[in-house]
There are 2 protein chains.
Amino acid sequence: MNLQDATNILKEKGYKTTGKRKDILEFFSSEDGYRCAKDLIAYLENKYGAISFDTIYRNLHLYHQLGILEKTNLNGEKHFRLSCSHHHHHHFICKDCGKTKEIDICPMDTAAAKLTNYEIDDHKFEIYGRCPACQHA
Amino acid sequence: MNLQDATNILKEKGYKTTGKRKDILEFFSSEDGYRCAKDLIAYLENKYGAISFDTIYRNLHLYHQLGILEKTNLNGEKHFRLSCSHHHHHHFICKDCGKTKEIDICPMDTAAAKLTNYEIDDHKFEIYGRCPACQHA
DNA sequence: CTCAAAAATCGTAATCATTCCTATTTACAA
DNA sequence: TTGTAAATAGGAATGATTACGATTTTTGAG
């Protein structure tokens, strides 16, 4: 998922392309890992001086709903990153910097076989720790 | 993990066995799945009329820290269940009733091999959906 | 280009889960 | 039984998120 893809999705679905929406996409493009609302607010306040919570959360939800952002919960706070839509995979997530590394292992195929009669909607496989860079810092 | 195991752990570590602590353990013993602070409060208020948040959260944390309760985050709310300490496994979690089913698959071994130089502290593998009972309700 | 309708944003108040604080009560070891 | 450290009460404070009426902006038709 890149900036252009995301903008196309917005247009296709009939959402308006506003300056703030572009800024939010640019923020997540420039960041490489999971970021929370607070991080985004800091980025936008740097440019605009003040920003409404409504704008922040409405757009985070919209982007998540459109599949543009992935969401996860890190110690009680929602975090987002640009979707990597090319293929299904999971992530190692650094607890210090939020950066991620793709893990191409997905245990769902074998797991689903053991869940006959269960309706499966979603799953999560995440590994938490510290990336090489943060271990040295 | 059963009620007796949990009580023993408390004693061993020098924590006092109070009436409320026993009630909390009984609540989680009687429930079969992930429950949140709100559920616990409802249960205890039924018995005591009122209960301090402090008591609820302090004890939830204590039990989690002692390995008596497992914790997970379900739509921004912390949920707990009695630890199943006999062996390492993961869970299917019903979105409707919170009940769980053990999954004996853990992808960590193969995943860790792909993360040399990464410090791995923790991992989560959860499957979400609806259990057979809730599909019929 | 202009204008109106719909959508988006603003500023702020409200909500909800959780944490924190001080006074009081309780468990339990001596 | 008694002293004391630990636990609880009751409520205020915090922090993330949601809600809402008023205002502004985007966009597309004319």
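This is a predicted model: local features need pLDDT of at least 70, side-chain atom pairs count only at pLDDT 80 or more; totals for chains, interfaces and linings use all residues.
A salt bridge is taken here as a side-chain nitrogen of Lys or Arg within 4 Å of a carboxyl oxygen of Asp or Glu, and helices are DSSP runs of H or I spanning at least four residues, numbered from the N terminus.

Arg58(A) is partly exposed, at 40% relative accessibility.

The side chains of Lys47(A) and Asp23(A) also form a salt bridge, at 2.9 Å from N to O. This pair connects distant parts of the chain, since Lys47(A) belongs to helix α3 (residues 37-48) of chain A and Asp23(A) to helix α2 (residues 19-30) of chain A, 24 residues apart. Lys47(A) is exposed, with 54% relative accessibility, whereas Asp23(A) is buried at 3%. In a further salt bridge, the side chains of Glu31(A) and Arg35(A) meet at 2.6 Å, N to O; Glu31(A) is partly exposed at 28% and Arg35(A) is buried at 12%.

As to the relation between the chains, chain A is superposed on chain B by a rotation of 179 degrees with 0.0 Å of shift along the axis, at an RMSD of 0.2 Å. This is the relation of a two-fold axis. The same surface serves both copies, with 100% of the contact residues of chain A recurring in chain B. Among the residues of chain A, Phe125(A) comes closest to the rotation axis, its C-alpha lying at 2.2 Å.

How values were computed
Residues are numbered from 1 along each chain as its sequence is written. Chains are lettered from A and ligands numbered from 1 in the order in which they are written. Side-chain values use heavy atoms; hydrogens and water are left out. Copies are superposed by least squares on the C-alpha atoms of residues with pLDDT of at least 70 in both. Contact means heavy atoms within 4.5 Å. Helices (H or I, at least four residues) and strands (E, at least two) are DSSP runs, numbered from the N terminus. Buried means under 20% relative accessible area, exposed over 50%, partly exposed in between (1.4 Å probe, protein chains only).
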